[in-house]
Amino acid sequence: MATDVILQNTVEEEESQHGDQVSEQLKENQLVSSQKFQRFDSLDIESGADHRHSKEMTWSVILTLAFQSIGVVYGDLGTSPLYVFSSTFPNGIKDKDDILGVLSLILYTVTLIPLIKYVLIVLQANDNGDGGTFALYSLLCRHAKISLIPSQQEEDSNVSNFKLEVPSRRLKMASTLKSALENSHFAKVFLLFATMLGTSMVIGDGVLTPCISVLSAVVGIKGATSAMTEDMIVWISVAILIVLFIIQRFGTDKVGYSFAPILCIWFLFIGVIGMYNFIKFDPMVIKAINPRYIVDYFIRNKKEAWISLGGVILCITGAEALFADVGHFTVRSIQISTCTIVYPSVVLAYIGQASFLRKHADLVADTFFKSIPRPIYWPMFVVAVLASIIASQSLISATFSIIQQSLSLGCFPRVKVVHTSSKYEGQVYIPEVNFILMLACVGVTLAFRTTTKIGNALGIAVVFVMTLTSSFLVLIMIMIWKTHILLIISYVLIIGSMELLYLSSVLYKFDQGGYLPVAFATLMMAIMFVWNDVYRRKYYYEVEQKISPQKFKQIADDRKFCHIPGLAIFYSELVHGIPPIFNHYLANVPALHSVLVFVSIRHLPISKVPMEERLLFRRVEPKELNVFRCVARYGYTDLYNVQEPFEELLVKKLKEFLKDGCFIPQQTSNNGEVFEKQEELNDGLVDNENEFVDIQQELMEAEVQLEAIDKAWSSGVIHLIGENEVIAAKGSGIAKRILIDYAYNFLKSNLRQRGELFEIPRKRMLKVGMTYEL
């Protein structure tokens, strides 16, 4: 392992010092290879093609995304002033100096976690522009062999986005940690478990955030008129939540443009009101910058101070959306909007509320609305309601993103993912998840009815996700970034210890509503575990039962099979080899199409696979059968059929494969091709006439195959979908039978089928059934 590290280091240093020379040498080697007319008939060779692509965003686009992000990402973080002080002091304020202690806690928490941790550090751990728990997991999987996702192949490492840009200097600690993780099955299982837990908690956050945000804002009506009852507040909140989820179908792009101006007004209002209250009531609260007031607060209140941390942590709800939603925008746009608008406004709002409470400590239960100057109370109330609605948007968008990621990596049942923007990648909408979230939000609002219990539940979800993010980040710092050990220790001691302290506090309120996100996460993890476990079992079953090359040649030589015109696309999970379900198909339908392509859909632990690197082909012998294998590779944020229908893309790339494999010029006639080869023979590029004859024969074979593909394409395309019935093998234990026969099959029967995901026309789709005994 140490030798491998040294060799890799040497290569990286040489590339960094002599990049141009290496590039020119590679081009020269490719030219020599082409002059020798080598055949590119292997997935390994084809995947090594040099695909260069760069996508630079102009400042106008970055600033546009920064503006949009205000309407999508920061609603939850920005509306926290609605309920933080009231949640921190549920039993009133006993000592006015406690206000300074809590304000100091809020200022340092908002600065250390959203600003320093997420905006300045965690956003740098994005996976080709995408964030979230699975993005961190994918980075670790690509740097060390710790993934439990099956069928990872060597050729995948040649995808441009698969490669990590890491510092050339290697540390012994990074190599030691990498080896320890790779050699420990427990570590691999634990990392996947932690990833699923973080994903489930973010989804739980997406349920709770809309409830507490909307309820907190609608309560403002009660402060202005006594005619408003608690039941009326709850039902108004439910109606607002339903409308919010209905408009999700329009997409992040349109929602962001619609909501961003409202959030800008919100941040302007809370910042100005905060400054007004700070000047009017008690400017001396600025003393809270001194952390000594935190120590004094804990000395005076002891256990009560520790319990109150469950309310203080609500000041950073939504911070995880900064990272989870980065795929909808860019790192730079998130950093700009946070540092210039969000952070200053939120800090001013808390300082202003603390100044107000120093003079009106008895009004802590309704701090936000009581601190608003009367002339602008109703305009501020309207903006608060709108902002609270928008607050829900950040976690809803984050939920869509992380479910798409987990779906693509085989950790979530099949659902429909809709790409909602043609201009910006990563903006998605999932109808089924949106509907389930709506029902869950309505149910929580009707059941809990107050912000106190919802706040207890929300705190657990928030801190769990943040703690898991920090754990993954420390591994990335050590293994990938090669961060100095003193900086890692500083991060753990300052930010890590703070998050653990908050976690201990919110767990104290487990029985007061905190059980809800834990129960929800347990349900989500059960679903993800069942799907992922059977997904892996199915793959390994196909590997063991696949058709050997000798068996396929026997099938080809068997004259009982008739040949019919047309192109057949056979989908399977298997990457290398022919799936066992094909033999089952031939046993019932003894016919072979004129062109047959076995397609394996692969999802790599990266965010995006460039279109030019998506499809890999390999010919299946014998040649005259025109049978090919194709590996279609997708990242966890890639979507099907976005640019063009899959079958059209497949045929186009298959023809390119044949042309490139035999070096046929794409815009010359057959005579021109032969003439060009003759010139190369005369110039000495072809060693002898026998080789030239072989080349001519190869060209003719390729022309025949291209004509066969065109003819099959014009005759019609049929999609053969393998629909496997999965049952537990005879003699299996009761746990395995429950897992496969009941849990997995229940999920499968109530979710989308593969043909729906690819939008295959039903008239050209044929499902082939087979029973897998796992």
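Analyst: A charge is said to sit over a ring if CZ of Arg or NZ of Lys is within 6 Å of the ring centre and within 35 degrees of the ring normal. The model discussed here is a predicted one.

User: What makes Arg292 a residue that lies over the face of Tyr293?

Analyst: Arg292 is 4.9 Å from the ring centre of Tyr293, and the limit is 6 Å. Arg292 therefore meets the distance condition and is listed as lying over the face of Tyr293. Arg374 is likewise placed over the face of Tyr377, at 4.7 Å from the ring centre.

User: Which residues are in the cluster that ring pairs link?

Analyst: The cluster consists of Trp266, Phe368, Phe369, Tyr377, Trp378 and Phe381. Rings count as a pair if their centres lie within 6.5 Å. Across the whole structure, the search finds 16 aromatic pairs.

User: How do you know that Lys94 forms a salt bridge with Glu304?

Analyst: The closest N and O atoms of Lys94 and Glu304 are 3.1 Å apart. The cut-off for a salt bridge is 4 Å, so the pair qualifies. Lys94 lies in the loop between H6 and H7, whereas Glu304 belongs to helix H14, so the pair ties together parts that are 210 residues apart in sequence. The structure holds 11 salt bridges.

User: Why is Lys94 called exposed, and why is Glu304 called partly exposed?

Analyst: Lys94 has a relative accessible area of 63%. Exposed means over 50%, so Lys94 is exposed. Glu304 has 44% relative accessibility. That value falls between the 20% and 50% limits, so Glu304 counts as partly exposed.

User: What makes the contact of Asp282 with Arg358 a salt bridge?

Analyst: The closest N and O atoms of Asp282 and Arg358 are 2.9 Å apart, and a salt bridge requires these atoms to be within 4 Å. The pair links distant parts of the chain, with Asp282 in the loop between helix H12 and H13 and Arg358 in helix H16, 76 residues apart. The relative accessible area of Asp282 is 10%, while Arg358 has a relative accessibility of 15%. Buried means under 20%, so Asp282 is buried, and Arg358 is buried for its value of 15%.

User: How do the places of Asp533 and Arg537 in the chain relate to each other?

Analyst: Both residues lie in helix H22, 4 residues apart, about one turn of the helix. An α-helix has 3.6 residues a turn, so residues three or four places apart point the same way. The closest N and O atoms of Asp533 and Arg537 are 2.6 Å apart, and the pair forms a salt bridge. Asp533 is buried at 10% relative accessibility, whereas Arg537 is partly exposed at 31%.

User: Why is Ser594 called partly exposed, and which residues does Ser594 touch?

Analyst: Ser594 has 28% relative accessibility, which lies between the limits of 20% and 50%, so Ser594 counts as partly exposed. Ser594 is part of strand E4. Not counting residues up to four places away in sequence, Ser594 touches Ile564, Pro565, Gly566, Leu625, Asn626 and Ala712. Ser594 and Asn626 are 32 residues apart in sequence, yet 6.8 Å apart in space, C-alpha to C-alpha. The side chain of Ser594 also reaches the backbone oxygen of Gly566 at 2.9 Å. The limit for a polar contact is 3.5 Å.

Note on methods: Residues numbered from 1 in each chain as written. Predicted model: local features only at pLDDT ≥ 70, side-chain atom pairs only at ≥ 80, totals over all residues. Heavy atoms only, no water. Helix = DSSP H or I, 4+ residues; strand = E, 2+ residues; numbered from the N terminus. Buried < 20%, exposed > 50% of the residue type's maximum accessible area, 1.4 Å probe, protein only. Contact = heavy atoms within 4.5 Å. Polar contact = N/O pair within 3.5 Å; in protein donor to acceptor, adjacent residues only side chain to side chain. Phe/Tyr/Trp six-rings, centres within 6.5 Å; stacked < 30°, edge-to-face > 60°. Salt bridge = Lys/Arg side-chain N within 4 Å of Asp/Glu carboxyl O.
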